[in-house]
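I opened the two-chain model to take notes on its folds and on how the chains meet. The entries follow the order in which I looked things up.

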Amino acid sequence: MGPALTEATPCADHRAMTEAAPLPLARFTIVELNDAGVPLCLRLATSLAAKVAADLGADVLKIEPPGGDPVRRAPPLLPQGGSALFQFLNTSKRSLVLDLRTDAGRASLGRLLDRADVCLFEEPASVAALVRAGKATPIEIAAFPLEMDAATRPVSELAIQALGGLMHMVGEPACKPLKLGGHQASYAAGLAAFSGLAAALAARDAGQRAPHVRVSLAEVMQWVNWKAASGAAATGTSPGREGKASEFQIVPCRDGHVAVVYTVTQWPATRALIGDKRLDDVKFNTRAGRRQHIAELYAILRPWFANKRRAEIQRAAQAKGVPFGPIFSPAELLGAEQYVARSFLAEMTHPTLGRLVMPQLPVQWNGRSFAPRPAPEMARAELAA
Amino acid sequence: MIRPLAGVRVLDFGLLTAGANTSAMLADLGADVLKIESGAYLDPFRVVGKPDNEEGWWNRSPQFRFTNRNKRGLALNLKDPAGQRAIRELAGHCDLVVENFRRGVLDRAGLGYAALKEINPRLVFAAISSQGDTGPERMNVSFGSTLDATSGIASLTGYLGEEPRISGMDVNYPDQIVSLFAAGIVIAAVMEARRSGTGAFLDFSQREVASFTLGEEILAASGDPTHSQRPRGNGQQGVVQQDAYRCGDGRWIAVTLETPDPGLDSFCASRDSNQAVAALLARGIAAAPCNDGTDLLADVKLAGVTLVRDERGGLVKGLPYRLDGKGVTIERAAPDLGQHTDEVLRELLGYGDAELVRLKESGATSTTPTIGET
C-alpha cells in the first residue's frame, strides 16, 4: 500500500495546483438571453456557445422566460426525468427567470446588461433594441443572412441543412438527400458564435470597441460545406452524394460497420492490407481507375471485413497506416478506450437527477480538462427572480 | 473591418482544413499569420486541388486558395538545420503556433512545444490531432470521414432501417467544425497569455470535437441503454413530420411540419420546387430547397458573407459570422509557395541578402516543390 500512497500524494498536489489556477474566462460575465417564442434550433446554438464559455469559467447568467427555456422539456429525455439536451447545453451556468413583457423585467435585464461583457440573444428578440444599446457586446444568433427575409421566414434545422447544401452531399444519388445525425446545423452555429464571442472579448480586453457579432445558421452551414461551392466554381458541376459510387463506403463486418477511408497515397498500403491478388490489376492503380471500377473494387474488399470484428480491423489497418473508421454508437463511446484514457467523458452528480455522464470540452489546456458543473434547476431560477 | 486580433502573430503549420482553417479565421480577425511550408512538404491542398500539371500548378489549387487567404507564406525546410533555426527564431516573435501534424513530427525537428516554450514562454501552442496528444490511440491516422465513423455521427446518419453513413470526402464534416471550436479556444488562450505572461499547450482531439456535438445522445445513452442508436433518416425526436420530398420538377425540398399531413408527398409532387417552398413558407411552414454547390454560387442573398473574391478575382471562403454587419475583407490572396520568405526573414529576423541567398542555395528555402527528390 505504501507505493500507492506515495504515488497518490504528488497527483493530488498536482491537481490542487492546477485547479487553483483561475479558469481562463473567469474575468468575464456573459448574459444568455432566452426570449419567449424563439425557434428551438436558434436556442440550441445560443446555449452551446454560452456553455463553452461557462465551462471555461465565464460567469454565464441564463435568463429564461416564465415557464423556463422550452429545451428543459426537449428530447432526448433522461429515464430519471429531465432533458438530456438541456443538461448538456446548460452546464456551469446560473439561471434567472425574467418576464421581459413587463417593465420590471426589462429594467432588471438592463441592469444585468450594464454589468456584463457580452450578451447572446436570438432573432427575433422583443428586446433586441435594448440589448444593442447596452454596454455589453451583443452577439446575435439568427436563422438566415441579413439579405434574406430573415426575421419572419420559418426555420428548422432540416431546412438549414438543405439550404446550406449539406443534404445534397449525403445519401444515394437516386434516393432522397439526407441530413447528418445530431443537431449539426445548430451546433456548428453555436461553435461559430463562441469563436465570435472570443474575438469580441479579445477586442474588449485590448481596449478596442468590440464589434457586434451576428451569426446565422444558414451562413455557417454554407461555410462548413464550402467544398460544394468551391467544387462547383472550379469545374462548373457541383459535387454531390455518390452513395455506392463513392470511393469511401460503409461495409458490414462481424460486429457492425466500418467506413472504408484511404487517401491516394494510402492506396498501396490498403491493397497490401486486404492482400487480394485481384487488387494488383492495373485498372485499380490510379484513382480514376478505382472510381471507374468501384463496384468491382468493393466486391473484392467486402469479404475481408465480413468475418472480422471492428477492433481487429482497426488494429490491422492502423498497423499499416490505413485510416479505416469503425462505426461506434454514442453508447459504445462510453467505453471507448481512448476516451476513458483521456477522461473525455465527465461524470457529475446533479442534485436531483443524480449521476450524469457527458463529454467535456474537447480540449486539454496544459493537461487540464474543464469539468462541467450541473445545469441550473428551474425552481432556483424562479426563486432568483 | 474591425481587427480584434491586430498585433497577434501566428506561426502556422496548419494543413488542409483542420489546421489551416483555424489560423485562417485568426488572419481574418487581424492576426499576422505566417504559414510555414517547404518545398519538400506542401500543404496537401496544393496537391489534391491542382487543376493541371503546368508550371506553377502548386499555386493554383482552389481548395488552398479558399483556406489560406490573408496569410503570408514562407517555405522553410523543417528537416534542414538552417530552416529549423529560422523557425525557432520566428517563434520568439509569435504569440501562437497552430499545427496539425501527426504527433511527434515537430518534436523530432526540435520544434515541439517543449523546445519553443524555452525560447518564448508566452507562446500558446495549439496542437490539433486526430485523437489528441495522449492515450493509446494518439498515433492513429485518420482522414476526414474516419472521424464521422469513430465519433458516433455516422451511427445516427442514414436512411431509416439501413446502414450508417459518413459525410464523405467532399464534406469531411469533422474537419470543418474543429476549426470553428479551435479558433475560439485559441483566442481565449492568447488573451490569457497576454494577461498572465505565461503561454499554454492546447491539445485538441478532432474525434472528441465531433463526439462533443452528440453530447445529449451520449448522456441519454449513459442513463438508458435502450435509447435509440440507429440511423434516423431525416426525422428528429420531438418533430412530428420532417423529410425531403421530391417535387414535380425533380428537385428535392426539405419540410418540417408541426402537425402531420399525409398529403404532403402529393402536394410536393404536383408542384415545382420553387412553388412548393413558397406555398409552404406562406403557411408558416419551414421549407427549403436541397441546394447544390451551383445553387449556392447563384444565390447571392443566401451566401451572405460566406463567399468573397480576393484581389486576383478568385473565389474564397469568407467568415461564418459578421462583425458590425460586415464580412471579412480579403487583404491578400493565398500566398504562393514561399512568397513571403525573404520579406518576413528580413523584417522579423533582420536577415540580409547574403544569408537569404545561402538559405536558397542550400535548399532551406524555396519557391518550387521538390516532391520526389527528397
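Into which domains is chain A divided? I find domain 1 at 23–228 + 370–384 and domain 2 at 247–333. I note at the outset that this is a predicted model.

**Confidence**

I looked up the confidence of chain A before going further. Its pLDDT averages 92, and 94% of the residues score at least 70. Residues 1–18 of chain A stay under 50 in pLDDT, and the model has one contact beyond four places in sequence for them. Where pLDDT is low, predicted coordinates should not be read in detail. I leave residues 1–18 of chain A out of the entries below on account of their pLDDT under 50.

**Chain A overall**

I recorded 16 helices and 12 strands for chain A. Of its 385 residues, 51% count as buried. Taken along the principal axes, the C-alpha atoms of chain A fill a box of roughly 75 × 70 × 45 Å. Of the contacts in chain A with a separation of 6 or more, 68% are between residues 24 or more positions apart. The centres of domain 1 and domain 2 of chain A, taken over C-alpha atoms, are separated by 40 Å.

**Helix 13 of chain A**

I went to helix 13 of chain A, residues 310–319, and asked which of its residues are buried. They are A:Arg310, A:Ile313, A:Gln314 and A:Ala317. These residues lie on the same side of helix 13 of chain A because they cover an arc of only 95 degrees around the axis. An α-helix has 3.6 residues a turn, so residues three or four places apart point the same way.

What covers the buried residues of helix 13 of chain A? The cover includes strand 7 (249–253), strand 8 (256–260), helix 10 (267–274), helix 12 (294–306) and strand 9 (325–326) of chain A.

I then followed two of the covering elements. Strand 7 and strand 8 of chain A run antiparallel and are joined by five bridges. A hairpin of two residues connects strand 7 of chain A to strand 8 of chain A. A:Val251 stands opposite A:Val258, which is in strand 8 of chain A.

**A sheet with strands from both chains**

I traced an open sheet of seven strands in the order 3(A)-2(A)-1(A)-4(A)-5(A)-6(A)-12(B), with mixed pairing. Strand 3 (94–97) of chain A and strand 12 (322–323) of chain B stand at the edges with a single partner strand each, so one side of each has no neighbour in the sheet. Within this sheet I checked strand 4 (residues 118–122) and strand 5 (residues 137–142) of chain A, which run parallel and are joined by five bridges. A:Cys119 has A:Pro138 in strand 5 of chain A as its bridge partner.

**Where the chains meet**

How many residues of chain B are in contact with chain A? I get 118 residues of chain B, in contact with 118 residues of chain A. Helix 8 (residues 173–196) of chain B gives the largest share of the side that touches chain A, 13 residues. That side of chain B divides into 62 nonpolar, 39 polar and 17 charged residues.

I also looked up a strand pair across the two chains. Strand 12 (residues 363–365) of chain A and strand 6 (residues 200–205) of chain B run antiparallel, joined by three bridges. A:Trp365 has B:Leu202 in strand 6 of chain B as its bridge partner.

**Chain B**

I recorded 16 helices and 12 strands for chain B. Of its 374 residues, 58% count as buried. The domain assignment of chain B gives domain 1 (9–214 + 307–362) and domain 2 (241–300). Their centres, taken over C-alpha atoms, are separated by 39 Å.

My last stop was helix 4 (residues 81–91) of chain B, where B:Gly83, B:Ala86, B:Ile87, B:Leu90 and B:Ala91 are buried. They fall within an arc of 145 degrees seen down the axis, so they line one face of helix 4 of chain B. Among the elements that cover them I noted strand 1 (9–13), strand 2 (32–37) and helix 15 (341–349) of chain B.

Technical notes. Residues are numbered from 1 along each chain as its sequence is written. Chains are lettered from A and ligands numbered from 1 in the order in which they are written. This is a predicted model: local features need pLDDT of at least 70, side-chain atom pairs count only at pLDDT 80 or more; totals for chains, interfaces and linings use all residues. Two residues are in contact if their C-beta atoms, placed from the backbone, lie within 7 Å. Helices (H or I, at least four residues) and strands (E, at least two) are DSSP runs, numbered from the N terminus. Ala, Val, Leu, Ile, Met, Phe, Trp, Tyr, Cys and Pro count as nonpolar, Asp, Glu, Lys and Arg as charged, and the others, Gly among them, as polar. Two strands pair if DSSP finds at least two bridges between them. Domain bounds come from an automatic or database domain assignment. A residue is buried if 20 or more other C-beta atoms lie within 10 Å of its own, exposed if 12 or fewer, and partly exposed in between; C-beta atoms are placed from the backbone. The arc is that of the directions from the helix axis to the C-beta atoms. pLDDT is the predictor's confidence in each residue, from 0 to 100.
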